[in-house]
Every structure is written in structure tokens, then in C-alpha cells.
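Please look over the structure below.

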Amino acid sequence: MRLFFVLVCCLAIPLVARAADQDNNKKKKQTTQQQKPQQQKQTGMQSKHHGANTASQLNNPSRLKGQGQHHGLNAQNSNVPAVQSNTKGKVETKHHGANMASQLNNPSQLKGQGQHHGLNAQNSNVPAVQSNTKGKVETRHFNLSNSPNPKIVSATFNQNYRIRGSENWRGQRYGAFQNYRGEWHDHGWWHNHYNRIVLISGGWYFWNAGYWYPAWGYDSAVSYYPYNGPIYAYNNLPPDQVIANVQSTLHAQGYYQGEVDGMLGPITRSALANYQRDHSLYTTEAIDEPTLESLGMS
């Protein structure tokens, strides 16, 4: 009998323990199932909070102050101008398009800037701005001979003389050449009509309205004129000094290889003609105002 009771107890104890374990497992499952909905609710609430915060940041730029990087915002807003933080932490927006348009419409803003690669690259049709490096030629005084040059033949007086080709030169600044007619008068007549008459290289010249002209007949013994026509008078210089300064300037530019003698002879007139052709001027072979302007002398 005692043996039977012992066997029953041995069999009953495992069964009771197993039942207790099953009951504990059921309780754990119930607890876990009850906790999951609560966690899901909390997760959903947190997700909603994140979305609200992100939307709030996008709609309220003032909250971006002091932030170093905004990868999320930049990724979602690729068309928004790039933002850079300055030393104070505030967000600084660059308006590249507005600045470029402002610079193109206001050339004064471009002064003092060395290179404008961006503007030139995007506006290839805009003419490049270049400074005028050719300055005014300084007027010099030359020591010149006041005697005729035997190598240069003097012109002779001709009542019907006209400057060849002058009828084709257009513009008021060529009027003196178109209207030139040599006049022969005695000493008294010239003094009564003109108060400025000078002796240069064996010939007398009178000054009128900005030009020097041969004073034919002023002194028959002194009537040497290498050129019969007007000479434009700049800086109040006498005719020989005007010619010498032109010769020196043409020499500096490689057009004249002769002597600086203050005489408008064939070599000087040829140099003038070559310069005038190269610079799209009328080929006057003379000292006229447009030519001196081109040379930087007036």
C-alpha cells in the first residue's frame, strides 16, 4: 500500500508542475498581447510628432538659425537657393541670379574687378569691356633749322590750284582742304587782314581759324613751301613744330623713318598716307584734325 502511494505521488508531481508551467505561459502571452497595442500607439504618436516637427521647421525658417547642415531639407527642396551659415550662426541666402542681373545692368559695379568668368560664360554676347591704353602724346619742342631743305623741292604758286581728292572728303573738319585756294598778296595786304604771320624754314605762313596757310607774295625772296595747303594747328604751335611732333609720333609707330626736320616733304606725306589708310581715314597726305586725333595728339 505504501509503495502504491509513493508511485502515485511520483506521477502526480510532474503533472502538477507541467500544469503550472502552462498556466504561467498563458499569463505571459496575455501580458505580451496587451503590451503590443500600447507600444504601437506610442510609436504612432512619436511618428506623428516627428512629422509635425519637420513640417513646422519647413514652415518656420526662423527655427533654422544656428544649424550647420540641413541634409533633409536640401534633399527635399532642390530648387531652394543654397544656404550658408555665417559666423553669427544666422542663415544667409545668396541670390546669384539677382546679383548677376544687377551687375550687367549697372556697369559701374564692375569697376575694379579683375575677372568675371561667370558673367562672361553666361553672357557670351556681351561685348568685352576694354580700357583705352592709348593715351595722349606729349607735345615736344624740337630744335629745327629755319632754312630751306635743298633735298625737298618747293611748291610753286598756281592761281587755279586745288587739293587733289579733297572733293571726296566728307565732314566739316575737311572743309579747310576742300575750300583751299592759294592767294598772292603783298606784305601790306597780309598785315591788314591777318595779325599772326610767321617765318618758318624760308617761307611765311599766316594763321586763320585753326590752320596755318602759305602767305604767297608776302616776300618774294622768301617763299619756300614744301607743301601747298593747310596745316592743322594744335596746342597753339607754329607749323614747323606741328610737323616735327607728327614726324616723331609717326616714327614711334613705325611709319616714318626720315629726319625730324619740321618740313612736310614727300617722305612725311607718304608716311601720313600709309597711317591714314591703315586707320580708315581719308588719305589726305596732310596734317588734318582727324589724323591728329587718331595719333593721340589733339
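The points that follow are grouped by topic.

This is a predicted model. Its largest nonpolar core counts 41 residues. It holds 1 cavity of 30 Å³ or more.

**Nonpolar core**
- Ile231, Leu250, Ile287 and Leu292 have the most contacts inside the 41-residue core.
- At least two core residues come from each of H5, strand E3 (197-200), strand E4 (203-208), strand E5 (211-214), strand E6 (231-232), H7, helix H8 (266-278) and helix H9 (289-295).
- H7 gives the most to this core, with 4 residues.
- Beyond its neighbours within four places in sequence, Ile287 contacts Phe177, Pro230, Ile231, Tyr232, Val242, Ile243, Val246, Leu264, Leu272 and Leu292.

**Largest cavity**
- The volume of the largest cavity is about 90 Å³.
- It is lined by 13 residues, and Tyr205, Pro226, Ile243, Gly262 and Met263 are the closest to its centre.
- Helix H7 (residues 239-252) contributes the most to the lining, with 3 residues.
- The lining comprises 10 nonpolar, 2 polar and 1 charged residues.

**Ser147**
- Ser147 sits in the loop between helix H4 (117-122) and helix H5 (175-178).
- Not counting residues up to four places away in sequence, Ser147 touches Ser201 and Met263. Met263 is also among the residues closest to the centre of the largest cavity.
- Ser147 and Gly203 lie 56 residues apart in sequence, with their C-alpha atoms 9.0 Å apart in space.

Key. Residues numbered from 1 in each chain as written. Predicted model: local features only at pLDDT ≥ 70, side-chain atom pairs only at ≥ 80, totals over all residues. Heavy atoms only, no water. Contact = heavy atoms within 4.5 Å. 1 Å grid on protein atoms, 1.4 Å probe; cavity = no way out; pocket = protein on both sides within 12 Å on 5 of 7 lines; lining within 4 Å. Points joined across faces, edges and corners; volume = space filled by probe spheres on them. Nonpolar A, V, L, I, M, F, W, Y, C, P; charged D, E, K, R; others polar. Core = buried A, V, L, I, M, F, W, Y, C linked by side-chain atoms within 4.5 Å. Buried < 20%, exposed > 50% of the residue type's maximum accessible area, 1.4 Å probe, protein only.
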